[in-house]
Amino acid sequence: MPEEVISIRNLHTHFRTEDGVVKSVRGVDLDIGRGEVVGLVGESGSGKSVTAHSVMRLIPPSGRIVEGQILFEGADLAQASVRQMQKVRGDRIAMIFQEPMTSLNPVLRVGEQVADVLRLHRGLSKREALDEARDLLGRVGIPDPQARLASFPHELSGGQRQRVMIATALACRPQLIIADEPTTALDVTIQAQILDLLRDLKRDFGCSVLLITHDLGVISETADRVAVMYAGQIVEVAEVAALFDEPMHPYTIGLMRSVPRLDGDLPEDRLLPVIGGVVPNLAELPAGCAFQTRCPHVHERCRSQEPLLHAVHSGHQVRCWLHDA
Amino acid sequence: MSLLVFVIRRLLYIVPLLVCAVTVIFFLVHAAPGDPVDYIIGEAGADSEVVARLRAEMGLDQPLLVQLWRYVLQVLSGNLGYSLVSSAPVLDLILERFPATLLLMASQYTLSAILGVLLGVLAARRPNSPVDTALTFLSLTSFSLPIFWLGQMMILAFGYHLNWFPIQGMSNLREGYTGWRYALDLAHHMVLPVATLTIFNLGLIMRLTRASMLQVVGQDYVKVAYAKGHSERTVLLRHALRNALLPVVTVVGLEIPGLIAGAVLAETVFAWPGLGRLTFDAINSRDYPLLMGMFIFISFFVIVANLLVDIIYGLLDPRIRYQ
């Protein structure tokens, strides 16, 4: 693997709620190499978004990083001061959000919103920043970028708005872009265009990408490596091809089965297979494996001992007793 | 350009709106018990011939609709009639008093808007924190206090006991100041009435700003602003506040008629020689032409104020289209 841009070590993020402490992230380890696209998949509530927001230190006030390190450019972001984080955000690590329709400020002009990161982090004048913003808008495929600078967000389509968000994220040439479900809110054709754009830009700008999604299709087309999250832990990590060829964790296998395939045979009952049961309550986790209540292969050991993430082949790690060497 | 067209069109609307207002005011006043002739003649009474002549002179013998038509034409030509008490033209009386009221209202409005918005943002910064709880308590108290009571307490505390500020009027007539000394004296007289009205209006604006900010702070674009590396101060004041102000501007605009009612109370308590006092006196002396003139003037003021609110709204929110 190439040199690491960011190393997340044993990250724990907890939230205080009325039902007690919710352990949303429970010991996540993840490295992202230079120029690498790592996909983070999992269902809602698996902790993938909280992991990303922890890296940016943008978790709501009820949440706290209780343990672990986030090593980035020689500093531990988990311990960084507010001021240090402000220097990192938008400049060294940029983020693209799920909802392009609501991610742009409705009362500010598009040009201003792209330019303001450049003015903040690069100290450019308004004029210089707007010129640069125009070039960026052109770069992400927005037609007539000069005219668009003066547009307001409501004059743009969803796909165009996501392009504006991407231009903003790229503005300061960050080391890492965190894309939190960047295509979920878009329709399928626009989704494909945005994914193509992300791939091109990654190649040209050489930045690393942490791509968060629940869509395995998006992962297979875009990512180099995949980490599957379940109940606040990474349960399987592998190169994208290896994961799709040979999924090991019962949860990963269940996820893959629940995706409809055009080339595969339909099951007898013509229904898609589902993973039975629901995600466990993160405030009251059972002893042992977190997936035990939904796992088709559950046995005695799963109920008493928590499995650890360990390498089965080189680069393919899984957290399951079935694959214990 | 569309804004200019919009403003011109809205200015043209003022005429039909005003005609409606005049009609309503006319019928309301005519529905009130009593006949103006009785007030002119007084207790002593007069023979029926004199009464008939007076009625004919004042046009009261004509059918109601004819009277209305004449009155509307008269108002539209800028003539609001003559006061029954002082015989002066009503419009002159109103315009003479208007600057005093405008000064008071503009000062307190500016002050309560700035303070209310700032305190609202401060309260919304950490919801349910001690600061927020204290500000909530303060704002609830401030807009629950009756203006006339608050005004009297201010006079009692700061005027009478502490003797820091004059307790009534707009200037020290005995000294007859001019120039800078006059302005200073005027400012000194303004402190108590402006403070009273500001305290009263502050609470509502603070509450609205807080609620609106809390809603805006949860929006995605605020999270995006943080993710860009902006400081909390920049995010709140530059990215969030402008969005949060939209509902505040609407409600504050709707409050303008209430402002005038507040002015009547405050001007009476502080013996401020403005429109509020004029209205209060006109009611006491049953000066109908003056009263109707006041109502029409207030209607005009409210219509213009609403136009201003619409313009401000459009400047704040680019999604508003003037068509």
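The end C-alpha atoms of residues 6-256 of chain A lie 28 Å apart in the model, and this span is 41% helix and 28% strand. Helices (H or I, at least four residues) and strands (E, at least two) are DSSP runs, numbered from the N terminus. UniProt, in an unreviewed entry, assigns the feature "domain: ABC transporter" to residues 6-256 of chain A; UniProt positions are given in the numbering used here, feature names are shortened, and annotations may be inferred rather than shown by experiment. The model is predicted: local features need pLDDT of at least 70 and side-chain atom pairs count only at pLDDT 80 or more, whereas totals for chains, interfaces and linings use all residues. Residues are numbered from 1 along each chain as its sequence is written, and chains are lettered from A and ligands numbered from 1 in the order in which they are written.

Between the chains, 22 residues of chain A are in contact with 18 residues of chain B, two residues being in contact if their C-beta atoms, placed from the backbone, lie within 7 Å. On the side of chain A that touches chain B, helices H2 (82-88), H3 (100-103) and H4 (110-122) of chain A are the elements that give two or more residues. H4(A) gives the most, with 4 residues. The residues of this side of chain A comprise 10 nonpolar, 7 polar and 5 charged; Ala, Val, Leu, Ile, Met, Phe, Trp, Tyr, Cys and Pro count as nonpolar, Asp, Glu, Lys and Arg as charged, and the others, Gly among them, as polar.

Chain B is divided into domain 1 (2-76) and domain 2 (90-316), with bounds that come from an automatic or database domain assignment. The C-alpha centres of the two domains of chain B are 33 Å apart. Their contact takes 13 residues from domain 1 of chain B and 11 residues from domain 2 of chain B. On the domain 1 side, helix H1 (2-31) and helix H2 (36-41) of chain B each supply at least two residues, and the largest share, 10 residues, comes from H1(B). This side of domain 1 of chain B has 12 nonpolar residues, no polar residues and 1 charged residue.

Most residues other than glycine have a negative phi. Asn128(B), however, has a positive phi of about 65° and is found in the loop between helix H5 (90-125) and helix H6 (130-144) of chain B. Asn128(B) is exposed, with 9 other C-beta atoms within 10 Å; a residue is buried if 20 or more other C-beta atoms lie within 10 Å of its own, exposed if 12 or fewer, and partly exposed in between, with C-beta atoms placed from the backbone. Phi of Asn163(B) is positive, near 60°, and Asn163(B) lies in the loop between helix H7 (147-161) and helix H8 (179-217) of chain B. Asn163(B) is exposed, with 9 other C-beta atoms within 10 Å.
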